[in-house]
Amino acid sequence: MTLTTTKDSKPHAILIPYPLQGHVIPAVHLATKLASNGFTITFINTEFIHHEITKSNPNHQTDIFSETRESGLDIRYATVSDGFPVGFDRSLNHDQFMEGVLHVLSAHVDELVGKLVSSSEPKISIMIADTFFVWTSVIANKYKLVNVSFWTEPALVLNIYYHLELLVSHGHFGSQENRKDAIDYIPGISTIIPDDLMSYLQPTIEDTSTVLHRIIYKAFKDVKHADYILINSVQELENETISTLNRKQPTFAIGPLFPIGDTKNKEVSTSMWEQCDCTKWLDEKPRGSVLYISFGSYAHTSKEILHGIANGLLESEVNFIWVIRPDIVSSSDLNPLPDGFEEKSLGRGLVVTWCDQVSVLSHQSVGGFLTHCGWNSILESIWYLIPLLCFPLLTDQFTNRKLVVDDLKIGINLCDGKVLTEVEVAKNINRLMKGNSSDDLRATIKRVKNVLANAWVDENGSSQRNFDEFVKIVQH
């Protein structure tokens, strides 16, 4: 355990993100937002997450908030063991790692929180923890802390998990033969088909005793004990869903949580891989001509799917940047693309292991985003007016796809069936990047971006009002 401390004013909150990059990013932005509004924050990363970030960002060897603190924000930093050695391959041994998160991490967090509560000045009074943790209410009650649950995905996803018992009682989940008809009984949701549920709740799931299911069962019982829920979404995007949750517990939509309008904000590093600078390559491409492709920091896919996308890309003849994460198929398979692909796409394609996504999306040469539909990626795309080509892989991404394509109408599907073909990939890439369909998407995403801007940038916007109300409540 490492600990960096300074002394300033109260209120003082502990903030604990789930140990995955997609959860750490919005937590970092929440930490800086709270600290900018008079909070002292102690941010707790796992030792592994800290190690991976500092390995990729050598300037932040001891404390990822060191530069932020120099600007006057009181954000302290601590790390805690997740129960495994830093060198343990969490990607290759995913289920074993999640068993540790479920059973072991809490003991280490409990010990660290106890030390912080007894020694920190100003006194710690609040714990903000990711909703997917199963132990938050126990630790918050033990140390008499205000219990704040932080949800990093759309409110729609939280609301479905929140009402999981309804899916069970109606036979859409957890039955020997799950129903496949539309679901119209969840409060705050008009209707949703089972294929648009999160991957762990879909009707084809037979084993509901996996470690991830056990985390879901416990986490979404625990969240009902939270004093407050913070959601990285916008009231106007999901009004009825958020209002429904708010009738259950005090719920504040405070999104989008990223440095709005500032592509040069490098004060806090969150990347777990070394980032390639794509700016020079992008500068040489025509405006709106480049398709950006990334499947995020967590989900895996198969070589067969990657080969189908690669061949479709070649057929489409569009310019592209493709992020191929080192473990996208497996950390033991470092060459997942077809032989000769980079040579065949030379001049119009750039393959990188990781990049600064905001810098790419904000570049004038980028005109579309082929995405797994992670929520951070969706919010960033909306802000930078980049229409989406959707190919969900895991967890909330299927439900997020519904929001993007069916509800907000700011994207299209990469493929319409279960089988991905290179002809369909090429056709839909060109639909996204050119012609009437592309023009319609761009007009719609401008309107949605205005909703986000009004929520945060306007001092009377819904997210700003919700944030101010939350701050006022916990300060007293």
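Mentor: The model is predicted; its chain has a mean pLDDT of 93, and 96% of the residues reach 70 or more. Two stretches call for caution. Residues 1-8 stay under 50 in pLDDT, although the model gives them 26 contacts beyond four places in sequence. Residues 262-266 also have a pLDDT below 50, with eight contacts in the model beyond near neighbours in sequence. Where pLDDT is low, the predicted coordinates should not be read in detail.

Turning to the sheet, six strands make up an open arrangement with parallel pairing, in the order β11-β10-β9-β12-β13-β14. The edges are held by β11 (349-352) and β14 (411-413); each has a single partner strand, so one side of each is left without a neighbour in the sheet. On average, and with direction ignored, neighbouring strands are turned by 20 degrees against each other.

Within this order, strand β9 (residues 290-294) runs parallel to strand β10 (residues 319-323) and is joined to it by four bridges. Valine 290, for instance, has asparagine 319 of β10 as its bridge partner. Helix α12 (residues 303-316) packs on the sheet, where it touches β9, β10 and β12 (366-371). The direction of α12 makes about 160 degrees with that of β10.

A further helix, α17 (residues 422-433), also belongs to this picture. The buried residues of α17 are Glu424, Val425, Ala426, Asn428, Ile429, Leu432 and Met433. An α-helix has 3.6 residues a turn, so residues three or four places apart point the same way. The buried residues of α17 pack against β9, α12, β12, β13 (388-390), β14 and α18 (435-456). After α17 comes glycine 435, with a positive phi near 85 degrees.

The cysteines remain to be considered. With a cut-off of 2.5 Å between sulfur atoms, the count of disulfides is zero. Cysteine 278 is in no disulfide, its nearest cysteine sulfur being that of cysteine 355, 4.6 Å away; cysteine 278 is buried, at a relative accessible area of 2%. Cysteine 373 is likewise in no disulfide, and the nearest cysteine sulfur, from cysteine 390, lies 3.5 Å away. Cysteine 373 is buried, with a relative accessible area of 0%.

Note on methods. Residues numbered from 1 in each chain as written. Predicted model: local features only at pLDDT ≥ 70, side-chain atom pairs only at ≥ 80, totals over all residues. Heavy atoms only, no water. Pairing = 2+ DSSP bridges. Helix = DSSP H or I, 4+ residues; strand = E, 2+ residues; numbered from the N terminus. Axes fitted to C-alpha atoms, helices over the stretch in contact; angles between N-to-C directions. Contact = heavy atoms within 4.5 Å. pLDDT = per-residue confidence, 0-100. Buried < 20%, exposed > 50% of the residue type's maximum accessible area, 1.4 Å probe, protein only.
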